[in-house]
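Keep the viewer open as you read.

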Amino acid sequence: MNAPAIRELSYAQAIQEALAQAMDADPRVFLMGEDIGVYGGAFQVTGDLVHRYGEDRVMDTPIAELGAAGVAVGAALAGCRPVFEFQFSDFSALALEQIVNQAAKIRFMLGGKVSVPLVMRFPAGSGTGAAAQHSQSLEAWLAHVPGLKVIQPSTPYDIKGMLLAAIDDPDPVMVFEHKLLYKMKGDVPAEPYRVPIGKAIVRRAGTGISIVATSIMVHRALEAAEILSGEGIDAEVIDLRTLRPIDTATIIASVKKTGRLACVYEGVKTLGMGAEISAMIAESEAFDYLDAPILRLGGAEAPIPYNPVLEKASVPQTEVIVARVRDLLQGRI
Amino acid sequence: MPIEVILPKVDMDMAAGTISRWLVKDGDRVKKGATIFEIETDKSTMEVEAPGDGTIGRISAEVGAVVPVGVAVAFIFGEGEDVGAIRLPTEAPTAKTQDAPKPQPVAIMPATNGDSSKPRATPLARRIARAHGLELAALAGSGPRGRIRAEDVQQHLSTPAPEAKAPPAADSDLIPIDTMRRTIAERLVFSKTTVPHFYLGAACDVERLLKLRQEINAVEGLPKLSVNDFVVKALALALRQVPEANASWSDAGIQRHRSVDVSVAVAVEGGLFTPVVRAVEAKPLGQIAAEIKTLADRAKARKLLPSDYAGGTTTVSNLGMYGVESFAAIINPPQATILAVGAATRQPVVAGDEIRIGTRMECTLSCDHRVVDGAVGAQLLAAFRSLIEQPLRLLV
């Protein structure tokens, strides 16, 4: 029986396939999370995996994130390869002790004698009407901690390849998955493959401005670039993919080419991805190539509102990206 | 450690100086106290001496560069200190060598039009301009608030050089504005636009004065006096008699000065200086003459010290030697008066019912009306005239 080499899968299906292939390939891999077993996960990512791999490898945890995360860190230290799912990324606040003070530091504090091959998955972002405690984009928090790797795959292809790379990785990798991406479809090879952590990708080549975006904002930036191309503005869109470690070379090369930079991200604007990328460029050789102020488009300085109109207004939307980039290119900023 | 040669502060409100001449070059050996360069401030040229013995190196400011006060412009290297290899304290301040906070190296700007009008430009525009040796100030920016963008620079570079295309005006030359000319311009515009001037004129009979001067100058061993020396002395004594005119306007109040310090306008190549003779009222004519001569010589050599031209409570400007009969001068703020002196000319005068030949010198007093009202100015001019016309009163 020959499976087609490349099929169209949703982002959620691509995750499930990656998890299954990882468990097939390595008996040390197992899954933990709230309602990921019989219920199939809050976003149906694990689906029927419990029936295929059993309750020992697809493990429902109590609603006690700190304790469960401690179990995952301990399992990783003992030689397992746990993949831990938070039901919502917001709930990771309960588990920060295990993530920040334990998982991130143990390898360094024990002189490299052990590592923590832990993968944690964070359903993140707004747009589902889930209000302030279920809609945040907290990736910058964890990207601030040395010892963690933080990735934000934006396509079904990337999530499968990067999740497999994360499970291979000897160190803790935090995977932020935008909830609105789960249903997004894209071509995904059936075979296991890896997409390297720490490498950005140019999704659209252009000469007029470099737009660095993460997660769902990559798609909004691409839509914006399409609209702007009709106005003679040729935008380059870079999908950052990894927030830590940042692929500075790709961004510097792009800004040296275009002379302009916009950062688009859903996390709160202040002290977020855009602050880091802007400062990095200002410190780099690309500074001398800037021909306009740097633009940051990030989330509002407020909790995500429940009201759907306000919820939409609180994070960058395609038309806002179009308007601000147009202002910059036409010399109004 | 190499010794830093910094641009010194030689004037109270000096923020930067222009290097007008280097007397040494990299590699020259210098002794402490030797003059190594000259700087031009608003008013004068100052010599700067070597702060130590050794070999000059790393001269970083060219002639014409405007350098902020306190910035190192060169270094003096001691015996065995390698000019090339040594790390200079201002180049890489590290925790180890930073025993005292040193002024950070500051980009040395070419002398353009002052620092107030630094052009707004993007980093890329600056980079392209730098690569082509282009002055950004010469460009118009198309960005927000006049920001110069790369496109503006490229457009400028792609259009043929203006002198090749069409010289702006073939029958005129553009003379660069030096520090002195700029200072003159700024101070006179300030004066003429903010000080309410009015003018009083008098034709003084100088027959007796000229005769007296001739007699004095004929005496062996006495100092030679000019008419202007008498004028300076007479104005000082007149201001003693009308002390309310020896004053300056300030927002805090009118400052009435105790001594009469007379600024004397001295024309020099390319401009003028106004060195000050202090406490003129108390000095004999011979001393006034000697001081004016010394100050004028120093001014012409551009060697005045800031203390030579600071202050002054009134000014005498004399164009008589050019044959000018009368003129009105612009007040030198914060002074309240200036006396413009014309030539002594022989002319018909009415004496009783007769017309006879007399000698007259037209003097015009400009007054700052905020400090000196018409009647006070008139009293001052009358007092001056009376002294000039009875010159023996200037001697005793």
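"Buried" here means under 20% relative accessible area, exposed is over 50% and partly exposed is in between (1.4 Å probe, protein chains only). Helices (H or I, at least four residues) and strands (E, at least two) are DSSP runs, numbered from the N terminus. This is a predicted model, where local features need pLDDT of at least 70, side-chain atom pairs count only at pLDDT 80 or more, and totals for chains, interfaces and linings use all residues. Residues are numbered from 1 along each chain as its sequence is written, chains are lettered from A and ligands numbered from 1 in the order in which they are written, and side-chain values use heavy atoms, leaving out hydrogens and water.

Start with helix 1 of chain B, residues 123–131, where Pro123(B), Leu124(B), Ala125(B), Ile128(B) and Ala129(B) are buried. Those buried residues pack against helix 2 (150–158) of chain B. After helix 1 of chain B comes Gly133(B), with a positive phi near 60 degrees.

Glu38(B) sits in strand 4 of chain B (residues 35–40). Glu38(B) is buried too, at 8% relative accessible area. Beyond neighbours within four places in sequence, its contacts (heavy atoms within 4.5 Å) include Arg21(B), Glu47(B) and Lys303(B).

Over in chain A, five strands make an open, mixed sheet ordered 9-11-10-13-14. Two strands pair if DSSP finds at least two bridges between them. Strands 9 and 14 of chain A each have a single partner strand, so one side of each lacks a neighbour in the sheet.

| Edge strand (chain A) | Residues |
|---|---|
| Strand 9 | 201–204 |
| Strand 14 | 295–299 |

Strands 10 and 11 of chain A run parallel, joined by five bridges, and Ser210(A) stands opposite Glu236(A).
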